[in-house]
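Trainee: Could you take me through one part of this model in detail, the place where the two chains meet? I'd like to see how it ties in with what lies behind it.

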Protein chains: 2
Amino acid sequence: MTSIEELKAKIERLEQELAVEKSKNSNAPVRGKIAQMSSEVVDSNPYSRLMALKRMGIVDNYEKIRELSVAVVGVGGVGSVTAEMLTRCGIGKLVLFDYDKVELANMNRLFFQPHQAGLSKVAAAAHTLMDINPDVEIETHNYNITTMENFNHFMERINTGSSTGGPVDLVLSCVDNFEARMAINTACNELNQIWFESGVSENAVSGHIQLIKPGETACFACAPPLVVASNIDEKTLKREGVCAASLPTTMGIVAGFLVQNTLKYLLNFGQTTHYLGYSALTDFFPTMQLKPNPTCDDSFCQERQREFAARPKPEVCDDGVPVEEEVVHEDNDWGISLVDETPANTTEENVSKPVGLAQGVSVAYDLPAPNSGSSGPTVQDTDISLEQLMAQMKKM
Amino acid sequence: MTSIEELKAKIERLEQELAVEKSKNSNAPVRGKIAQMSSEVVDSNPYSRLMALKRMGIVDNYEKIRELSVAVVGVGGVGSVTAEMLTRCGIGKLVLFDYDKVELANMNRLFFQPHQAGLSKVAAAAHTLMDINPDVEIETHNYNITTMENFNHFMERINTGSSTGGPVDLVLSCVDNFEARMAINTACNELNQIWFESGVSENAVSGHIQLIKPGETACFACAPPLVVASNIDEKTLKREGVCAASLPTTMGIVAGFLVQNTLKYLLNFGQTTHYLGYSALTDFFPTMQLKPNPTCDDSFCQERQREFAARPKPEVCDDGVPVEEEVVHEDNDWGISLVDETPANTTEENVSKPVGLAQGVSVAYDLPAPNSGSSGPTVQDTDISLEQLMAQMKKM
């Protein structure tokens, strides 16, 4: 018969084994918080390879990143990777917005894992991000920003959501639809908040990022975003039961461009690109600059334009770009510079021109049909047509 | 005093609790294997967004990816993300090589998490990848490919490691040093194995990918890899106790370029880019093509060149690129085409020219010093100097 001593010994073994298994499952971060970023070159320092950017002369003051707060709107294929990159870079605070749930159908993009299916994207993301870097403060909002009540709360969080209670340092739009982009645009024009727009085409093989400084560059309502044509007829995308394609490559690259330009902008190194496109089929990367539309439908955009025009021109802009670059704007009404290259596989036959765009470019995503009953603001017809705009670009 | 019954009851509770905790830690995949890729648009289908590439006219036969095997050599900042992207795309088989361990100092790049610190990179990666997609077969080798014994085994796995026992369909080099690149180059020349080289600079702000087809394009020993200058003096990189900088953005972007071009090459869509560079400071993306060096130090490269010259020229190349593109090669001895653009912040003062390169370009990583005692093959001096090469490029 089993002795009490044997049973007690067995209980002790089981309790130890249980403690090991529980520690594996624990939600406690694997490393403690780190009070100050160090440059020390040891395997246990998660910041050594980032602080090395100072020694290499790339960034003057890398540790400033801990004081910065960034809002990421949309935590899908682009937004989740964006949040992960910023977390691994040691950003001070992230404010995440999404109302969607993780599905197995999302597993063809980076970040989320099958065991998270059914969780809200913001909750699942926050859990993973805090495991990766417990030094980052993470605030989540599991709602749709385009409803009236949520929109007001969204505006309030953009304006007071930084770690010190002021406005966030940058808003990154990683949403996948027109209405959400217009909501972000409306909020940022009113709050005079600088933001990046990003997008990936529904055929998964092109994307872009665009820096929007209210009053200084075109806002989302000033002009439709342009990307290199991806050889797809928009009409084929919208049939019943048809879902958009996506690839982890394209979304990871767009997130990389977005965060790289975010780092350049916030930490003041290199040149922040105002518009960077990516066409995967030909590895084509158009860049351009767009001045705001003086007749933009968004009244706050017009107000910001008047403020910008009245500002005394500084020696350098607030993002450190010398004023010489601004002179480019004076050469033509729209301040556009476009890489002089046409994708090799773009032919007249297979490029759709939904809004009268020239060959070689198309809108990055669908615009709502005119009179579609959308309650939000819509893209305004400008005095200068897009065809005139493109003709100007071609002359350069 | 405690009765035997009480102790037994406690043992039963502990055993149940332990089973629950163990199940949470179980390696069993969260979803079962899927026998065949489906296009069905439901939230539970992890392949719906990939199969949509067929409906959108991008890829003719996406499900072919399940028959393909890819070797990833080096599972660090670029290789781990490369393996994750291919896993999420549903690649048939991955063969992973690395001899390093996960450290907290790696946490500034994507993929690995702090709780994996101390595990071998291949074991940690395989565990995560199988959780993400149990349909992918994963073979791992935890060794350094540059030792004689391991090198022979490495060659054998490249040559017979596909899921059907033949050669893998592609080798992706994601290593971080010259010796490992030369080992891969030597193996692939001998085996006539097509591969992609990739790299990220030690200051973290530039990178490149390069497709190498033995006998048809320059091999790694034919010419040193070129990337856009990153404004850093190579001498500052090699001091005692100095570690290289790295960023999750640059590494994620290079992995994205690598896998995107892998997909284009293996699934036969778009145009596979032979050399694609990335300069983060200015968002500059040089492309070029390099013909093999007829006096290459690698005898197997020379043998592959003779075989390629003797091959009857087909209507289209085996990667589906029309033969017209090949004519470009005839225009100049080296078949180089380079985007005509100079990064704005490149000045004569801050660009080092370690091997006599023209302004605006530098080697992607350090070459060993001459007579450094390396036992591996070294880069051969060519009849045409690099300065002549660059002069030719400038004329275009």
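Mentor: The contact draws on 90 residues of chain B and 89 residues of chain A. Keep in mind that this is a predicted model. About 7,900 Å² is buried between chain B and chain A, with 68% of that coming from carbon and sulfur atoms. On the chain B side, Arg49(B), Met56(B) and Arg88(B) lose the most area to chain A, and together they account for 10% of what that side buries.

Now the symmetry. Chain B superposes on chain A with an RMSD of 1.7 Å, by a rotation of 179° and a shift of 0.8 Å along the axis. The two copies are thus related as by a two-fold rotation axis. Of the interface residues of chain B, 99% are also interface residues in chain A, so the copies meet through the same surface.

The largest nonpolar core has 133 residues, and Phe257(A) and Phe257(B) touch the most other members. Once you leave aside its neighbours within four places in sequence, Phe257(B) is in contact with Ile253(A), Phe257(A), Tyr278(A) and Phe285(A) from chain A, plus Ile209(B), Leu276(B), Tyr278(B) and Phe285(B) from chain B.

So what lies behind that spot? In chain A, helix H7 covers residues 248-267 and lies across strands S1, S4, S5, S6 and S8, running at about 165° to S5(A). Those strands belong to an open sheet of seven, ordered S3-S2-S1-S4-S5-S6-S8 in chain A, with mixed pairing. Its edge strands are S3 (137-141) and S8 (275-279) of chain A, each pairing on one side only. Neighbouring strands in this sheet are turned by 15° against each other on average, direction ignored. S6 (206-212) and S8 of chain A run antiparallel and are joined by five bridges, with Ile209(A) standing opposite Leu276(A).

Finally, have a look at strand S5 in chain B, residues 195-200: six of its six residues are buried. Trp195(B), Glu197(B) and Gly199(B) point one way from S5(B), while Phe196(B), Ser198(B) and Val200(B) point the other way. Strand S4 (170-173) of chain B runs parallel to S5(B), with three bridges joining the two, and Leu172(B) has Phe196(B) as its bridge partner there.

Key:
Residues are numbered from 1 along each chain as its sequence is written. Chains are lettered from A and ligands numbered from 1 in the order in which they are written. This is a predicted model: local features need pLDDT of at least 70, side-chain atom pairs count only at pLDDT 80 or more; totals for chains, interfaces and linings use all residues. Side-chain values use heavy atoms; hydrogens and water are left out. Two strands pair if DSSP finds at least two bridges between them. Helices (H or I, at least four residues) and strands (E, at least two) are DSSP runs, numbered from the N terminus. Axes are lines fitted to C-alpha atoms, for helices over the stretch in contact, and angles run from 0 to 180 degrees between N-to-C directions. Contact means heavy atoms within 4.5 Å. A nonpolar core is a set of buried Ala, Val, Leu, Ile, Met, Phe, Trp, Tyr and Cys residues joined through side-chain atoms within 4.5 Å. Buried means under 20% relative accessible area, exposed over 50%, partly exposed in between (1.4 Å probe, protein chains only). Copies are superposed by least squares on the C-alpha atoms of residues with pLDDT of at least 70 in both. Buried area is the accessible area (1.4 Å probe) that two parts lose on being put together, summed over both.
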